[in-house]
Amino acid sequence: MKSYDVALRELLAGMTLERTVERLPLSQAYNRQLAMDVVANYDTPQFDNSAMDGYALCDPEGDRLEFRIVERILAGDAVSSSLEPGEAARIFTGAKVPGNSTTVVMQEQTKVEGSTLMLMESIASGQNIRYKAEEIKKGAVLFHKGHLLDPAAIALLASQGVWEVDVYAPLRMTVFSTGNELKEPWETITESEIFDANRYQLLAWTHELGNVTDGGILRDNYEDVLSALTRAAKENDLIILSGGASVGEADFIAKAITELGELNMWKLAIKPGKPFGWGKIGQCHILMLPGNPVSAYATFYLLAYPALKKLMGLSPQLPQLMATINFGSDKIQPRREFLRGNFYQDERGEYFVDSVGRQGSAMLSGLSDANCLIEMKENQATAKGSRVRIYPLPKEMPLKG
């Protein structure tokens, strides 16, 4: 059996993709990834300007308390004048300061009588002025290739006069379930049949990660499987299947993928989730998850999700924490176990974790209460009070390539 660490490393090494680039208006680029570096078109600020509503002063010595008001400047006004020592200009936030301005005083710190400005106290030089290029210099890299465009990034690009960006097209994915025993939730089942839970959880996992197609249920018919995979591979960057990762007489998935492309079938030293497969049909990647629903959940998060992020050019690293375990286990088993758990912080900020519900690989009930996976190392017992690694589970997937 292959260890989790080795499996993840080998899987990620195989996740390469020549991604399609498209140009979008900035208003449509939220949550998309830049396909090239973007540099500043302008200095920021582009000119010395006032950070406050107040008065621009010319006070080279820094000791005056009275000034003569000589002009009034609004944001957007063209300004070519300069102040002489002892002169002031009424100025508003964002307006260009006149030449020779040594500081801007807030209006709350002043008193005005006619054209005379009086300060309540002296003010240090350089206050409340945003100086040209103090934030960003023209030509500086704003964002590197692969940066995910959140609202702040979009605002910064707009402030630089950028209205279109080259971004990567979203990953194209199709999700299948496999097996004659599966029925849709609205259908009637017999004693030997079950409702398809895996496809729905995988559609939920992936719906914010790209453009996802529901491929439906692949029945145990080799020609139908071959046809469906051939068509999906031409239209997608990635196919995700659940079921069919175990090799048996009725499992046509591995045979079809091998005929069409290449496939690695693994037995993983993890619980839940022993069977796992991955490969390619042409340029389309394939991920095969176990049929048991908790196993499909765990292997998606621990293996498939990092693989998707790697294809998107993002870091595949999963969030991890160390926590004190509130229960113990005397079991020594050859596979690394990922228990469903709940972690929390105490009043000192220390993390603790409890197990949640029944832990069988077909038992979904505990998953909805869990907020993490608890890593129980192979070939060792874990005493109560030990420090263990936990993997917090996302409640949403805020990525789109």
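Biologist: Where is Arg348 placed, and what is its relative accessible area?
Modeller: This is a predicted model, in which local features need pLDDT of at least 70, side-chain atom pairs count only at pLDDT 80 or more, and totals for chains, interfaces and linings use all residues. Residues are numbered from 1 along each chain as its sequence is written, and side-chain values use heavy atoms, with hydrogens and water left out. Arg348 sits in the loop between strand 23 (336-345) and strand 24 (351-355), where helices (H or I, at least four residues) and strands (E, at least two) are DSSP runs numbered from the N terminus. Buried means under 20% relative accessible area, exposed over 50% and partly exposed in between (1.4 Å probe, protein chains only), so Arg348 is exposed, at 63%.

Biologist: How far apart in space are Arg348 and Ser177?
Modeller: In sequence, Arg348 and Ser177 are 171 residues apart. In space, taken C-alpha to C-alpha, the distance between Arg348 and Ser177 is 45 Å.

Biologist: Is Asn198 buried or exposed, and which residues does Asn198 contact beyond its sequence neighbours?
Modeller: Asn198 belongs to helix 3 (residues 198-206). Its relative accessibility is 5%, so Asn198 counts as buried. Contact means heavy atoms within 4.5 Å. With neighbours within four places in sequence left aside, the contacts of Asn198 are Ser177, Ser242, Pro290, Gly291, Asn292, Pro293 and Ala296.

Biologist: Why is helix 3 described as largely enclosed by the rest of the structure, and what do its buried residues pack against?
Modeller: Helix 3 is largely enclosed because seven of its nine residues are buried. The buried ones are Asn198, Arg199, Gln201, Leu202, Leu203, Trp205 and Thr206. They pack against strand 13 (171-178), strand 16 (210-218), strand 17 (238-242), strand 21 (284-289) and helix 6.

Biologist: What is the orientation of helix 3 relative to helix 6?
Modeller: Axes are lines fitted to C-alpha atoms, for helices over the stretch in contact, and angles run from 0 to 180 degrees between N-to-C directions. The axes of helix 3 and helix 6 are 11 Å apart, at an angle of about 30°. Angles under 35 degrees count as roughly parallel, over 145 as roughly antiparallel, 65 to 115 as roughly perpendicular and the rest as oblique. Helix 3 is therefore, relative to helix 6, roughly parallel.

Biologist: Which residues meet between helix 3 and helix 6, and how many are nonpolar, polar and charged?
Modeller: Asn198, Gln201, Leu202, Trp205 and Thr206 of helix 3 meet Pro293, Ala296, Tyr297, Phe300, Tyr301 and Leu308 of helix 6. Ala, Val, Leu, Ile, Met, Phe, Trp, Tyr, Cys and Pro count as nonpolar, Asp, Glu, Lys and Arg as charged, and the others, Gly among them, as polar. By class, the contact of helix 3 with helix 6 has eight nonpolar, three polar and no charged residues.

Biologist: How many residues of helix 6 are buried, and where does helix 6 bend?
Modeller: Helix 6 is mostly covered, with 18 of its 19 residues buried. A bend at a residue is the angle between axes fitted to the seven residues ending there and the seven starting there. Helix 6 (residues 293-311) has a bend of about 45°, at Phe300.

Biologist: What is the orientation of helix 4 relative to helix 5?
Modeller: The axes of helix 4 (residues 222-235) and helix 5 (residues 253-260) come within 9 Å and cross at roughly 50°. Helix 4 is therefore, relative to helix 5, oblique.

Biologist: Which residues of helix 4 and helix 5 meet?
Modeller: On the helix 4 side they are Tyr222, Val225, Leu226, Leu229 and Thr230. The helix 5 partners are Ile253, Lys255, Ala256, Ile257, Glu259 and Leu260.

Biologist: Which residues does Glu121 touch beyond its sequence neighbours?
Modeller: Glu121 lies in the loop between strand 9 (116-119) and strand 10 (129-130). Its relative accessible area is 52%, so Glu121 is exposed. Not counting residues up to four places away in sequence, Glu121 touches Leu65 and Gln109.

Biologist: What is omega for the cis peptide bond from Thr44 to Pro45, and for that joining Lys271 and Pro272?
Modeller: Most peptide bonds are trans. Pro45 is in the loop between strand 2 (38-39) and strand 3 (49-50), and Pro272 in the loop between strand 19 (270-271) and strand 20 (275-281). Omega is near -10° from Thr44 to Pro45, and for Lys271 and Pro272 about 0°.
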